[in-house]
Amino acid sequence: MPDRDVVAWTAMLSGYCQVGRIPEARALFDEMPKRNVVSWTAMISGYAQNGQVNLARKLFEVMPERNEVSWTAMLVGYIQAGHVEEAEKLFNAMPVHPVAACNAMMVGFGQRGMVDGAKAVFEEMREKDDGTWSAMIKVYGQNEFLMEALSTFREMLWRGVRPNYPSVISILTVCAALAVLDYGREVHAAMLRCSFDMDVFVVSALITMYIKCGNLDKAKRVFHTFEPKDVVMWNSMITGYAQHGLGEEALGIFHDMKLAGMAPDGITYIGALTACSYTGKVKEGREIFNSMAMNSAIRPGAEHYSCMVDLLGRAGLVEEALDLIKNMPVEPDAVIWGALMGACRMHRNAEIAEVAAKQLLELEPGNAGPYVLLSHIYTSTGRWEDASEIRKFISSRNLNKSPGCSWIEYDKRVHLFTSVDVLAHPEHAIILKMLEKLDGLLMESGYSADGSFVLHDIDEEQKAHSLRYHSERQAVAYGLLKIPEGMPIRVMKNLRVCGDCHSAIKLIAKITAREIILRDANRFHHFKDGVCSCRDYW
């Protein structure tokens, strides 16, 4: 160039930084005959974006002048490097807080689980853009403040702020986690108004939301009307069919995907193997697992071996599953031993369960789950003393067990139930009456409570009383009271559904002529006319 002004020098410097050629960028920076605040900021950003945040700070300290962009560039560098404490100090030292800096600080707080810090920044901001609302929704979502994320999204729409792609994807993920279909439909409508229904990432999240809310028909319609499909969309449908117990359909999509010329990835194989596991297709699962060796791009990882252990274990091949773990080329993790543990519970194999529980305690010393399962196995086989010793062990180690809870969406609210406190819901009186009524109807239909799902050695009447108040049973009772006839009752549970409740809800669906869709920690159960979509293979 015959003449290089400061703009040209800065542009070249930025180009070097963008492709990671930091030494050349710094050499150019040092050669510049004249620098301005933009040049200094470009070099600071270059250091920060390439993981050299300490050098960025040194340069920041000797800047002759700073502006809002300079401060924000340094702040973003700290946050991207995970140095949230340093970012907070810098943020507090800033003479003014531009919107971009506030948004970045909120994201930083969210990454560290500091929800109150992010909320304080959000509430103090006089001006907010779509990135501000998106950041707050993301902070709530990634830290399990799901209801707060929903209310923030609705407030954003009420204030006339147009959602952006990140906020829509975040809120769809929240709707999927809570399985709140009505909220999900609202977000879908907002997507259509903003013409986001043509974006492959947003549509993939939309498909996942409908699947996890139990509306597989709507997910299929969205999937079949969108072109071109990416691998994430195909994976969502394969996994969705698997979770709903539709193994044939899942494998059909798996084959259609390959016929369409789309290469399966590791997640595709997890979905296909899960479909085989949930439907007892041992032969097909073995064929799919062995076919991975033919695909040089995909090598079976721990998650694929976990699917195979689950597949074999569910089919009663518990010893073969243990042999697979012993001979697999990857180190077995907690998920793999947990899959074996679940199979042991299903087939009441206390001997192998003890082996799995020991391994799980070493991998996750603070998790009570394996020992609760082992206690279930002991009680189901009448080994009450062993079960009592396990409970003492859990208590002595102060192990944590996730409390069981179920929830249902009604009237734009999520209603939560736990078996620990049946009086917690404001309408507990009518719920208890409905449970008593259902108990009578169940007895008339020949139902008998399965006491093996009660952990304590108590008499049969007490066991039946304990089972009646399980959280999923309370949620179903509330759904019968509130959800209009003709509409499915959708219940979610954070743990695996209780076996006795599974039997009871099948009969309740028949007695009341209602469709009940229950999503537990693993899969969906569609109860109708006295049968479940899982065909009792779960």
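**Salt bridges in the predicted model**

Mentor: Lys 220 has a relative accessibility of 25% and therefore counts as partly exposed. Its partner in a salt bridge is Asp 217, with N and O 3.6 Å apart. Asp 217 is likewise partly exposed, at 47% relative accessibility. Both residues belong to helix α14 (residues 216–225), where they stand 3 residues apart, about one turn of the helix.

This is a predicted model, and the structure holds 20 salt bridges. Another of them joins Asp 500 to Arg 473, at 2.7 Å from N to O. This pair links distant parts of the chain, since Asp 500 lies in helix α28 (residues 499–512) and Arg 473 in helix α27 (residues 471–482), 27 residues apart. Asp 500 counts as buried, at 1% relative accessibility, and Arg 473 is buried as well, with a relative accessible area of 3%. Salt bridges with shared partners also join Arg 57, Glu 61 and Arg 66 into one network.

A further salt bridge connects Arg 112 with Glu 85, whose closest N and O atoms are 2.6 Å apart. Arg 112 is in the loop between α7 (99–111) and α8, and Glu 85 is in helix α6 (residues 84–93), so the pair ties together parts that are 27 residues apart in sequence. Arg 112 is partly exposed, with a relative accessible area of 40%, and Glu 85 is also partly exposed, at 41%.

As for confidence, the mean pLDDT of the protein is 88, and 95% of its residues reach 70 or more.

Technical notes. Residues numbered from 1 in each chain as written. Predicted model: local features only at pLDDT ≥ 70, side-chain atom pairs only at ≥ 80, totals over all residues. Heavy atoms only, no water. pLDDT = per-residue confidence, 0-100. Salt bridge = Lys/Arg side-chain N within 4 Å of Asp/Glu carboxyl O. Helix = DSSP H or I, 4+ residues; strand = E, 2+ residues; numbered from the N terminus. Buried < 20%, exposed > 50% of the residue type's maximum accessible area, 1.4 Å probe, protein only.
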